[in-house]
Amino acid sequence: MIPIKRLPAPDVLARNGERWRTAFLEERAKDPQKRPSSKRYAHPDIVSTLEAMSHHKCFYCEQSTKQTRREVDHYIDVAEDPARAFAWANLYLSCWECNRQKQPHRSIPVTDCLDPCAPDARPSEHLTFEEELIRARGGSARGLATIKKYKLDRDDLDLKRMKQLQLFNKALIRIKDAQIADGRKNMNENEKALLRTFCHPEFPFSLMFQAHLERHDL
Ligand SMILES: [Zn+2]
């Protein structure tokens, strides 16, 4: 998870959101189980705006949504607050696995977790990594709750993070080889810049690489 800056609401939502909300609340008054239409809250323009905000990554786990099914997630669950079913600030982009994990972990309120869209979101203060394994930084309660709610320590994510980490480790080995060949003690600026690309926001699992770069003093 990294901080996400929200773009303005897409036109389709700005124009129709209020009407969709009223109609949905009326339907919900008759049928409390009624779900909002995904054709509306997951309209292609809404999805593409959310993708632009996150560089096509899940807001929670940072895996690329180009390689997995992505969904529009209601940050505050519809069951909890139906009035926010079409509220722009409540729509997040999630991989289907993170979204699915929210259900069995409903008892953990989102207010106990890290919110990637909060203006003061600083996930790096609460989450860190040992190799590909996610940890709550310094035992952060917020970090722990976030890992648990979205099950960010699940096996499929460990495997995907491990593969990305292999790319980083290979680059590091090549750099060390070049240092030995040139008789240099330190990395040059180009080499440092190359390693830093891994923690650019558009790179999958960039928070993990921030933690690794810190360890390498980069
Ligand atoms: Zn995810």
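User: How are residues numbered, and what confidence do features need?

Analyst: Residues are counted from 1 along each chain as its sequence is written. In this predicted model, local features need pLDDT of at least 70 and side-chain atom pairs count only at pLDDT 80 or more, while totals for chains, interfaces and linings use all residues.

User: What makes up the chain in terms of helices and strands?

Analyst: Helices (H or I, at least four residues) and strands (E, at least two) are DSSP runs numbered from the N terminus, and by that reading the chain has eight helices and four strands, following the pattern α-α-α-β-β-α-β-β-α-α-α-α along the sequence.

User: Why is Gln210 called buried?

Analyst: A residue is buried if 20 or more other C-beta atoms, placed from the backbone, lie within 10 Å of its own, exposed if 12 or fewer, and partly exposed in between; Gln210 has 20 C-beta neighbours inside 10 Å and therefore counts as buried. Gln210 lies in helix 8 (residues 206-215). Of the 218 residues of the chain, 29% count as buried.

User: Which residues does Gln210 touch, not counting those up to four places away in sequence?

Analyst: Two residues are in contact if their C-beta atoms, placed from the backbone, lie within 7 Å, and on that basis Gln210 touches Ser124 and Cys199. Gln210 and Ser124 are 86 residues apart in sequence, yet their C-alpha atoms are 8.1 Å apart in space.

User: How do you know that the span of helix 1 agrees with its number of residues?

Analyst: The expected span is 1.5 Å times one less than the number of residues, so the 20 residues of helix 1 (residues 11-30) should span 28 Å, and the end C-alpha atoms, 29 Å apart, agree with this.

User: Where is the kink in helix 1 centred?

Analyst: The bend at a residue is the angle between axes fitted to the seven residues ending there and the seven starting there; in helix 1 there is a kink of about 50°, centred on Gly17.

User: What covers the buried residues of helix 5?

Analyst: The buried residues of helix 5 (residues 141-150) are Gly143, Ala145, Thr146, Ile147, Lys149 and Tyr150, and what covers them includes helix 4 (96-102), strand 3 and strand 4 (133-136). Just after helix 5, Lys151 takes a positive phi of about 45°.
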